[in-house]
Each structure stands twice: as structure tokens, then as C-alpha cells.
Amino acid sequence: MDTAVDLSHIPFWGLPQAERHEAFRRLRALDRPVFFRENKIPFIGHGPGYFALVRHADVTEASRNAAVFSSEPTANSINDMPRWLAVYFGSMINMDDPRHARLRRIVSRAFTPRILAKMEEDLARAAREIVDRAVREGPGDFVTQIAARLPVRVICDMMGIPAEHHDRVLRRTNTVLANADSEYSGVSVDPSSPDGSFGRWSTARGLAALLRAGHDLNTLARRLARERRRRPTGDLTSMLVHGEERLTAQELGSFFILLVVAGSETTRNAVAHGLKLLTDHPDQRALLLEDFDGRVAGAVEEIVRYCTPVIQFRRTVTRDHTMNGQDYRAGDKVLLFYNSANRDEAVFSDPDVFDITRSPNPHVGFGGPGPHYCLGAHLARREITVMFRELFDRMPAIRSVGEPSYLLSNFINGVKHMSYRIRPQCSGLQAGGEADCPA
């Protein structure tokens, strides 16, 4: 075991990204997955610990084998989720078939290629209006002004959430995704704790904030569902509460929380990380702007691989099983570290190099293969593409400034705040892109 690495040590997740990638490189070089103890969190039950699956082969094989590597009782929490939290966050992401298959079948009707194709005009209009507002306001915080706004607006529009509630949904989403970050969660590391865990009352404040956010989002979705049962309008909520197969009120509430959270984190963080990457790698930026339509698809995949917005999900072993030489016992927890799998030297040549022409690019940034592969992956790709198209057409010299403020989290590789600058006098993509901009 590499005793210098402790993935359960909360301050580890505040280290610079390069140091964390080096730690995972050392873990991948070991013969076996390492077992880490599970943090004791006040008011939450805990178990002995988990195996960290850090190699691409382990992550993809476990993802495919849902019969052994189960998403129940919970996939989005290392500690077992108590019932008073599961009522809000116990969505289909924490289920196996047949329950998972039933819910996925119902909600997948909103993500068909035909429906997503109809959304292209709406996506372009939303991106245009967001950039319009940013131009009026002037450069400030790229995340709050631009990156975080498109996915929340898209999801709210899909569900039929009125525009006056969009900021409310965004604030609640920040709280749900806060994890260990004191800015959003109210928790703070106990300075007397040797393992970097949280104090009892700090944890209570964080859990109270999480419950309020979950309750508020759940209430918003249920209220809308009641209205759509009486007066359907053709939005996603109407679709989910009508027809032969429909969601119950509880299922709809937890699905909306999953949708708004999962539907926002990948896009917002990929866009934010993407601008930073394209600023730090001017050669890749020039390559993209030279042929945006021809290279943007590859750029999106490489951004998602390189930054990996979702760091990990959990699985629980259902029976004794051997995988790639490691024995697992029934009841063992494993964490699928997508961020490490996406840097696996056995799969990716020069994995620490940002290369928008990388091909093939079998990343697991949208989850591994199998029944829990991200349902909204295609939508996220389209949102990222549309936003970068609008940004580089309207602000072709846009760049990040300084070092971003990152979320303290072992779950989401989030960018909280990032400064940026623009040169509006430069011509856009349609007029030749950055070639017309001074250095």
C-alpha cells in the first residue's frame, strides 16, 4: 500500500490538481486496489471502508457487472445514506434493475435523439442570451455569469420550471453539490482531527443545509407535478405524470433533484475547466478555432476526460467475487475513481497531455459502460458545444485569468469561481476566429 496517499483524508482533496493526479498514478502502479478506512461522519452511519478502483480496466468491468457491483443501497455516498436523506436523494442512480430499468425507461423518453434535435434552437437561444447578459455586465466571475447558467436553464425549461425560480434552483444545486466545501455547505474541517474530518456541530449545519435544499427542490417539483396533472403543457413534467407508465410524486421529486444536479455539474464544470484548459494551452485553442466544426466534438471529449467532472461513484459487492486478481467479499464497498481511470497509462498515451485530437478517447467521464451510463451525456455534449460556439463567436479572445477557486470535494471536480477577460473588438468565428485578434 502507498501509505503516503489517503483518499479519505479530506484535506487531500484540497491539494493542487497535479499533486492529486500524481497520487493516483502511484495507486495505479500498485499490484492491488488499496483499501481505505471510511470516515466517521456525525449523525451518519459508517462502515469499515472501501476499495479504491483506480485503473480503467477495473472501473469499466465493475460498471458493466451490475449484478455483482451494485448501486444499492447507495451509489452517490460513501457512507450508507440514512432514510431521512434518501427520501430526497434516493433516486434511480441508487437502484439496480428492475427498479432502475423501469425508471430509466420512463425518463429516457425525454432524451431521445428526436427530442434533443428539437432542442438545438432553444440551446442556441439560451447560450446567446446568457452571453448577451455577460457582455452587458462585463467580465467578472465566469462560473456564475456563464458556465453555471446554461445547464440550469436547460433543465428548468425541460421540466417547465418558470424563469423566476432558476436562480433559486441554482443556489440549491450549489448546496447539494457542496460536499466538504464550507462556502456552500457550512461545514468545516475540525482542526483537532488527525484525519481531517468534520466537527459534530459543523456537520449538523451542513446536513441541515442539505436537507433544506433537498426539501425545497422536492417541493418545487411536486407542486409543478400537481399543476401538470391538471393542465399538461407538453414539457417533461407533463410527460412524466401522464401516460401508461408514470412517476409517483416521490419518484418525480427525487428525479428532479438528480436531473438538476447531474444535469448541471458536468456541463458547468466542463465549460469552466474547458476555458481554463484552452487558455493554458494556446496551441490547442488555435487548433480548435482553426476548424471549430471539425474539431469541437473531439475537444469536448478531451475536456471531459481531462477534467472528469464526476470524480467517483460507489458500488457495493453483492457476492464473493474475483476481478483482475483481487478477491472481494459480499458487502465490500468499492469506489470507481473515474478521474484516475481517465489518466490510466495502460489506455491513454501521454494521459497528462491535453490533446483535442486524441483518438481513440475511451474516457469514462460520463460514467463507465453499463446500465448507469449517463442518460444525459448527449445533452451535455450539445450544451458544451453550443456554449463554446457562442463564446468564441462573440468573445473570440476570451481567456481565464489567474487560478480558479476549486470546490473542496471528493465527489465533484468543481470550479466555484474563475475570473476572465475578453477583447470585444476582435472578430468572431464566422470572420476567421482568433486570427484577427491581437496577441
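This is a predicted model: local features need pLDDT of at least 70, side-chain atom pairs count only at pLDDT 80 or more; totals for chains, interfaces and linings use all residues.

Colleague: Which residues other than glycine have a positive phi?

Modeller: Thr308 is one of them, with phi near 45 degrees. Asp350 is another, and its phi is also near 45 degrees.

Colleague: Where do Thr308 and Asp350 lie?

Modeller: Thr308 is in the loop between H15 and strand E4 (312-317). Asp350 is in the loop between H16 and H17.

Colleague: Is Thr308 buried or exposed? And what about Asp350, buried or exposed?

Modeller: Thr308 is buried, because its relative accessible area is 1%. Asp350 comes out as exposed at 55%.

Colleague: Changing topic: which peptide bonds are cis?

Modeller: One joins Glu72 and Pro73, with omega about 5 degrees. Another runs from Ser359 to Pro360, where omega is near 0 degrees.

Colleague: Where are those two prolines, Pro73 and Pro360?

Modeller: Both are in loops: Pro73 between strand E3 (69-70) and helix H3 (83-89), and Pro360 between helix H16 (338-341) and H17.

Colleague: On to H17, then. How far apart are its end C-alpha atoms?

Modeller: They are 26 Å apart. That agrees with what you'd expect, because 18 residues (377-394) at 1.5 Å a residue should span 26 Å.

Colleague: Which residues of H17 are buried?

Modeller: Among them are Leu379, Ile384, Val386, Met387, Phe388, Leu391 and Phe392. Glu383 and Glu390 are buried too.

Colleague: Now helix packing. At what angle do H9 and H13 cross?

Modeller: Roughly 85 degrees, and their axes come within 10 Å. H9 covers residues 166-176 and H13 covers residues 249-280. The two helices are therefore roughly perpendicular to each other.

Colleague: Which residues make that contact between H9 and H13?

Modeller: From H9, Val169, Leu170, Thr173, Asn174 and Val176; from H13, Phe256, Val260, Val261, Ser264 and Arg268. By class that gives six nonpolar, three polar and one charged residues.

Colleague: Let's do some charged side chains. What does the side chain of Asp216 make a polar contact with?

Modeller: The side chain of Arg168, at 2.6 Å. Asp216 lies in helix H11 (residues 200-230) and counts as buried at 15% relative accessibility. Asp216 also touches Arg172, not counting residues up to four places away in sequence.

Colleague: And Asp141, where does that one lie?

Modeller: Asp141 is in the loop between helix H6 (120-137) and helix H7 (142-147). At 16% relative accessibility, Asp141 counts as buried.

Colleague: What does the side chain of Asp141 reach?

Modeller: The Asp141 side chain reaches the backbone nitrogen of Val143 at 3.0 Å. A polar contact of 2.6 Å also joins the side chains of Asp141 and His417. Setting aside residues up to four places away in sequence, Asp141 touches Ile146, Lys416, His417, Met418 and Tyr420.

Colleague: Last one: which side chain has a polar contact with that of Arg295?

Modeller: That would be Glu290, at 2.8 Å. Arg295 is in helix H15 (residues 292-307) and is partly exposed, with a relative accessible area of 23%. Beyond its neighbours within four places in sequence, Arg295 is in contact with Leu287, Leu288, Glu290 and Ile356.

Colleague: How far is Arg295 from Ala380 in space?

Modeller: They are 17 Å apart, C-alpha to C-alpha, and 85 residues apart in sequence.

Note on methods. Residues are numbered from 1 along each chain as its sequence is written. Side-chain values use heavy atoms; hydrogens and water are left out. Helices (H or I, at least four residues) and strands (E, at least two) are DSSP runs, numbered from the N terminus. The expected span of a helix is 1.5 Å times one less than its number of residues. Buried means under 20% relative accessible area, exposed over 50%, partly exposed in between (1.4 Å probe, protein chains only). Axes are lines fitted to C-alpha atoms, for helices over the stretch in contact, and angles run from 0 to 180 degrees between N-to-C directions. Angles under 35 degrees count as roughly parallel, over 145 as roughly antiparallel, 65 to 115 as roughly perpendicular and the rest as oblique. Contact means heavy atoms within 4.5 Å. Ala, Val, Leu, Ile, Met, Phe, Trp, Tyr, Cys and Pro count as nonpolar, Asp, Glu, Lys and Arg as charged, and the others, Gly among them, as polar. A polar contact is a pair of N or O atoms within 3.5 Å; within protein, one must be able to donate a hydrogen and the other to accept it, and residues adjacent in sequence count only if both atoms are side-chain atoms.
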